[in-house]
Each structure stands twice: as structure tokens, then as C-alpha cells.
Amino acid sequence: MTLMLNVDWRSLPNAPAAGTPLCALGELAPGEIREFSFPGDSGATPLFRLIVYRDGDQVNAYVNQCPHHWLPMNRSDGVFLRWSHTELMCSHHSAVFNLAGNGECTMGPCQGSNLTRVPLQVSEGQIRIRTGD
Ligand code: FES
């Protein structure tokens, strides 16, 4: 059974503040998936884990929390399973998510649900958590 919840990412523990810089756009290769965790590598828990995906000049971000069992989706640190160029497969029960769209699950045990999107902005070549949301 899949719970269909609307999660406000800003209410999750250790959510980054609006305007928080992530990296330069040029540091992400087209098609790359990279995880950022907050508060960084300080060892504090629980970490807020963010997936950033670059699709051309578009950059999308989602909370790294599968809506099937609310687990991080990577296999190990920084290692994500790919289903296609634009799709990520959760390493637990193989749900597939479209990172180029709105993070919807297109196949698997939570089909029809969505990853929680975190709005970004790119200005002067820098990717940041969007302000004003
Ligand atoms: S936790 Fe992701 S598919 Fe089950």
C-alpha cells in the first residue's frame, strides 16, 4: 500500500534555507544525478537528503525519500540506479521515477505517486534553493 501524502519539504528536519547554494551549474554534467545532504557531512542526523538532476540547462531537485517506504533511494553514497537517461530506479523495490518531469513514479509499487520537489533557481551560474516560495 502506498500512502499519497503531500509533503512540505520545508517542514522536514534539517531542510536547507531558501537561497542555500548547492554548486555551480557547470559542476553538474548533463544527465547527472547528485545527492546533497544537509547539514552536510557533520554527522548530525537525520540528514535532509536532496537529489539534483540536470537535464540540459534545466535543473530539478527532489527530496531523496521514496514515497513507497520513505527511504533514501540510492544504493550507497552517491550511487543511484538508472532506468533510463531521465529516470531513476529506487534501489529497494525498483520503483521508477521521472526526474525530468515532476518526479512522478511511472512504474513499480508506488506508481502514480511523486517525489517531493524542491524548487531551485540558477543565477549567475550558481544553483541555489529558490527564494520566494
Ligand atoms: S522504498 Fe522505494 S520502491 Fe520501495
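These notebook entries record what I looked up in a predicted model of one protein.

**Elements.** I began with the secondary structure. The protein contains zero helices and 10 strands. Reading from the N terminus, I noted the run β-β-β-β-β-β-β-β-β-β.

**Overall dimensions.** I then asked what radius of gyration the protein has, and how it stands against that of a compact globule. The protein has 14 Å; a compact globule of 133 residues would be near 14 Å, so the two agree. Along the principal axes, I found that the C-alpha atoms fill a box of roughly 40 × 30 × 30 Å.

**Burial and contacts.** I looked up the share of buried residues, which is 25% of the 133 residues. For contacts with a separation of 6 or more, I recorded that 47% join residues 24 or more positions apart.

**The three-stranded sheet.** I next examined an open sheet with the strand order β2-β3-β4 and antiparallel pairing. Why is one side of β2 and of β4 left without a neighbour in this sheet? Both β2 (33-38) and β4 (58-63) stand at the edges, and each has a single partner strand, so one side of each has no neighbour there. From one strand to the next, I noted an average twist of 25 degrees.

**The pairing of β2 with β3.** For β2 and β3 (residues 48-55), I recorded antiparallel pairing over six bridges. I also checked which residue of β3 S37 stands opposite. The residue facing S37 is R49.

Key: Residues numbered from 1 in each chain as written. Predicted model: local features only at pLDDT ≥ 70, side-chain atom pairs only at ≥ 80, totals over all residues. Helix = DSSP H or I, 4+ residues; strand = E, 2+ residues; numbered from the N terminus. Rg over C-alpha atoms; globule rule 2.2 N^0.38 Å. Buried ≥ 20, exposed ≤ 12 C-beta atoms within 10 Å, placed from the backbone. Contact = placed C-beta atoms within 7 Å. Pairing = 2+ DSSP bridges. Axes fitted to C-alpha atoms, helices over the stretch in contact; angles between N-to-C directions.
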